[in-house]
Amino acid sequence: MDGSFVALGDGLHRRVIAILAAQALREPSGLTREMSLESLGIDSLGMAEILFAIEEAFDVQVPFNANDPGATRDLSTVGGICDAVEALVSADRG
Amino acid sequence: MTRRVAITGAGSVNALALDVPGTYAALAAGRVAIGPLEFEDVERLSVRIGGQIRDWDAEARHSRQELALYDRAVQFALEAGRQAVAQSGLTLAPDEALRAGVVMGTGGGGYTTIDDSYRAVHVEGKNRVHPFTIPRLMHAAAAAHLAMRHGLKGPAFTVSTACASSNHAMGQAFQMIRSGAADVMLAGGAEATLCFGGLKAWEGLRVMSPDGCRPFSADRNGMVQGEGAAVFVFEEWERARARGATILAEVAGFAMTSDAGDIVMPDPDGAVRAMQGALDDAAMAPAEVGYINAHGTGTAVNDRSEAQAIRRVFATPPPVSSTKSMHGHLLGAAGAVELLAVLMALGEGVIAPTAGWNAEDPEVLGLDVVPNVARRARVDAALTNAFAFGGLNACLALRRV
């Protein structure tokens, strides 16, 4: 993995975590990759707000449908969301 | 003596057809009217399908002066009302008009008028909008124009409870006639929110399907919006009988409940109490019910909650179908258009199917959802459900004549 990508990822993860922490009413430092959104008390409306904030912050479209039986990406944990946003941003740039 | 309530006329325009016979034929054929949406800026939406009314020639239907005052939803309501009154053969003497009224349901009111007006001032940089913008967009416009058109001088108002609006409206009309507050009520709902702003707002909730409405099917992935109106003539039973009107069905009971829980997540308990309440109000045993028109939006949470609620009220659930699969979800007009499926079941002995059904869903196992193909059956009584955002539930119970 080259340095610039790590740098992109680090900053990006921090920004995503800040969005999740704000929604969960917690300090960003209290969030870990393994934490589920459910454990953070984020419900379906909270999820919709998070995706809205991410789309606004990174200028990407997150393909997520609350009803989809075969969801393509795991967005149930902090780490899962960070990885998904990173993939979307990278795809966008490249 | 208890006053009973007859339905003596029905009218509708929706994506399936621009009248009731056409709608019955389409429902019986399981025809899906959901397709690509056509309106300005549709390419900027992530979901571009809906149950849109085609070939609605507003200019041919209305004068220029009328069009300045009639939002698309009002146009739909007036045409549905015209059909309903024509079928019922309703005439009102001056004193009777004082005891005749109208209750309409709508979720969005004049949504396209709002969208167009905002576009004019925010996007096109104009500094003024049409002087009739307010009377055109107000939620009560359809009720007011129906009252004017048909000379209804009694109670006239609009109910707005999101996706339960028209069930609440029809329930109000029913209660007013039964209680003696009125003798004749037009009741139903009208909705026309298929425009850029209307759908853009829904996009954010991420509950809409990009490819179709498949209620109760394992592969369902959300709701699909529709538009249109349905209006019915509710009439005090003896009055209808005395003038020799054809009675399409009896409105026998109504109940409304609130989940008092979550603004978007339904609670089966509220749905159970609404259905049980409508049965109790109608003095109807669960075993009498031969058909339930489901709210059936095709979202995972609705289908799961509604299936659970039906199983709690009915030891042996009757056939259940969601016609939203064909005409889409008409929001505040949903219950009104879906009452047509109930009238068809009671009057014609044909149960409309749940179209788009592909596979058994473990969450709704045990429900007969009349998949894809209509069914002949004698239906003596039926329920129709509406469970709105906000946890606002309204259920009507009807009987065959």
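Q: How many bridges join strand β1 of chain B to strand β7 of chain B?
A: This is a predicted model, where local features need pLDDT of at least 70, side-chain atom pairs count only at pLDDT 80 or more, and totals for chains, interfaces and linings use all residues. Strands here are DSSP runs (E, at least two residues), numbered from the N terminus, and two strands pair if DSSP finds at least two bridges between them. Strand β1 (residues 5-14) and strand β7 (residues 228-236) of chain B run antiparallel. The number of bridges joining them is 9.

Q: Is B:A255 buried or exposed?
A: B:A255 sits in strand β8 (residues 249-258) of chain B. Buried means under 20% relative accessible area, exposed over 50%, and partly exposed in between (1.4 Å probe, protein chains only). B:A255 has 10% relative accessibility, so it counts as buried.

Q: Which strands stand at the edges of the open sheet in chain B?
A: The sheet has 10 strands in the order β5-β4-β6-β7-β1-β8-β14-β13-β9-β10, with mixed pairing. Each edge strand has a single partner, so one side of it is left without a neighbour in the sheet. The edge strands are β5 (156-159) and β10 (320-321).

Q: Which side chain of chain A meets B:R206 in a salt bridge?
A: A salt bridge is a side-chain nitrogen of Lys or Arg within 4 Å of a carboxyl oxygen of Asp or Glu. Between chain A and chain B the count is 1. At 2.7 Å, N to O, the partner of B:R206 is A:E55.

Conventions. Residues numbered from 1 in each chain as written. Chains lettered and ligands numbered in written order. Heavy atoms only, no water. Helix = DSSP H or I, 4+ residues; strand = E, 2+ residues; numbered from the N terminus.
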